[in-house]
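Hi,

Here is the structure I said I would pass on.

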Amino acid sequence: MTTCTPSASLSRRIRAGCDENACKCYQCKKCSSGCPVARYAGLHPAQIMRAVQLGQLDMIFDDKFIWLCTGCETCTTRCPQSIDIAGIMDELKIMARQQGRFPTVDAPFANILKLNYDSIKRWGRLYEIELLALDKLTRPSGMMDDVGLGMKMFFKGKLNLFPTKGDKLAMERMVRTSESITRAKEQRGAAE
Amino acid sequence: MSKTLAYYPGCSLHGTASELDSSFKAATAALDVTLQEIPGWECCGNSAVHSANRLLGLALPVNELAKVEQDMKLDAVAVPCAACYSRFMVGAHEIGDRETAADVKAVVGRGYDGSVTVMNLIDVFHDAVGLDAIKEKLVKPFDGLKVACYYGCLLTRPPKVTMADNPEYPMHMDEVVEAVGCKPVDWNYKTDCCGASLALCEQSVVVDLSRRILADAKACGAEAVVVACPLCQANLDGRQQAMLADDSAWQSIPIIYLSQLIGRAVGVHGKVLGLKKHLVDVTAVMA
């Protein structure tokens with residue numbers, strides 16, 4: 001049997017990031033029974049919540065659950081304590097991306113999120129075919145995934161070869177301002 | 001009476017879901033709704049944004065809402081993509097908090113007064129047009145086609161954000177399809193997640209989730225599944241060849257956009273509806 005030293009630092013960090021109080025969770029497991037992806041991971045949502053309460057970040061980062069969470073909001077909808085559990089999963093993903101902590105070497109979902117975010121910053125909109133191509137190039141294990149489906153979609157005219165662009169200057173300004181406000185908040189939080 | 005709505009297509013409708021764009025425009029035009037696309041619209045702040053930069057994820061949709069309110073001077077915006085719709089609703093909801101509102105205002109560069117109603121694909125037909133107005137315009141109604149109305153995750157959840165009447169068993173889409181002569185079936189997976197956000201990285205999970213949804217729709221007697229989200233459509237439609245590869249007895253079921261169904265009933269040509277863009281053939285049920 002393994003034991004752990006409980007720490008409140010993680011639930012405080014989560015609260016600072018997304019204003020959700022994990023301490024309210026009393027482990028009824030309604031979130032886990034409604035979760036569509038719990039069966040595909042090692043941990044289920046209620047266990048993630050318990051790990052947050054106990055400050056066991058490694059346990060969370062070593063499992064793939066947060067990367068399987070689709071953000072379907074079923075847990076958030078049903079939680080009798082009105083905890084935005086999906087919002088906490090999002091905050092854990094933000095922390096994992098900041099710290100570069102992924103359960104597998106090539107972290108497929110994290111790679112796609114990063115490319116998707118880069119694409120939006122570059123064009124103001126998501127450029128679908130560029131995202132698909134860059135994912136294939138940067139993640140060798142996924143190279144052959146869905147090639148047949150992709151070709152079929154292309155020939156059905158469902159993939160646009162050229163990007164359509166948003167207001168790129170406005171996007172650049174919003175990215176810059178939001179990143180600097182968030183950074184200032186994090187620094188203030190760390191100093192407290 | 002004609003109604004003018006601002007229109008936010010979002011990235012999918014300009015790419016993988018071009019048939020949702022064309023069928024939505026044609027169906028609304030036939031029902032006397034005028035759409036005005038938001039000039040220079042940007043990404044809605046999808047999960048890649050809000051799971052990296054929470055503030056930007058809120059500011060992007062609020063920026064579009066401010067354009068509708070102050071530049072276009074309209075009181076409602078149609079957002080047919082369920083994922084974009086969710087970001088718009090979350091943005092509008094979160095700025096109810098004063099500190100968040102101040103941060104979002106700093107990023108957007110101006111305030112937003114909250115006067116714009118955000119409408120998803122179902123809302124446009126159910127509320128902006130109305131069931132009676134649809135019935136008046138029927139040219140080629142369906143003759144009792146049995147359909148499963150699939151709402152997926154984000155049209156109703158979380159209810160404190162979407163204000164959905166019945167988040168676990170919604171009925172508005174069922175009422176709309178009934179108005180065009182279809183027979184909506186009762187079934188068990190109306191609001192279950194199809195896993196579309198994992199489409200590019202966890203194929204086996206996505207196929208499994210989608211198979212459960214479609215198997216239930218078929219078991220409950222549906223001849224087609226009606227959807228109101230481009231990600232659900234691409235997923236449920238595109239993944240059926242993998243289901244067939246796993247099980248040669250798999251009977252494919254067509255996945256149709258609500259706007260295509262209504263478009264057909266109010267006399268829009270099949271070519272405009274993009275019926276040939278589907279991977280599972282829809283011509284038999286849409287004939």
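This is a predicted model: local features need pLDDT of at least 70, side-chain atom pairs count only at pLDDT 80 or more; totals for chains, interfaces and linings use all residues.

A:Ser82 sits in the loop between H6 and helix H7 (85–99) of chain A. Its phi is near 55°, a positive value in a residue other than glycine.

You'll find A:Glu73 in the loop between helix H5 (65–68) and helix H6 (74–78) of chain A. So is A:Glu73 buried or exposed? It has 25 other C-beta atoms within 10 Å, so A:Glu73 is buried.

Now for how the chains meet. On the chain A side 51 residues are in contact with 46 residues of chain B. H6, H7, helix H8 (108–123), helix H9 (128–138), helix H10 (147–155) and helix H11 (168–191) of chain A each bring at least two residues to the side that touches chain B. Which of them gives the most? That is H11(A), with 9 residues. By type, the residues on this side of chain A split into 22 nonpolar, 15 polar and 14 charged.

Over in chain B, take a look at strand E5 (residues 146–150). The rest of the structure largely encloses this strand, because 4 of its 5 residues are buried. E5(B) pairs in the parallel sense with strand E6 (residues 183–184) of chain B, over 2 bridges, and there B:Lys146 stands opposite B:Lys183. E5(B) also pairs with strand E7 (residues 224–227) of chain B, again parallel, over 4 bridges. In E7(B), B:Val226 is the bridge partner of B:Cys149.

In the loop between E5 and helix H9 (159–162) of chain B lies B:Pro158. The peptide bond joining B:Arg157 and B:Pro158 is cis, with omega about -15°.

Last one: helix H12 (residues 230–238) of chain B is mostly covered, with 9 of its 9 residues buried. Among them are B:Pro230, B:Cys232, B:Asn235 and B:Asp237.

Cheers

Methods: Residues are numbered from 1 along each chain as its sequence is written. Chains are lettered from A and ligands numbered from 1 in the order in which they are written. A residue is buried if 20 or more other C-beta atoms lie within 10 Å of its own, exposed if 12 or fewer, and partly exposed in between; C-beta atoms are placed from the backbone. Two strands pair if DSSP finds at least two bridges between them. Two residues are in contact if their C-beta atoms, placed from the backbone, lie within 7 Å. Ala, Val, Leu, Ile, Met, Phe, Trp, Tyr, Cys and Pro count as nonpolar, Asp, Glu, Lys and Arg as charged, and the others, Gly among them, as polar.
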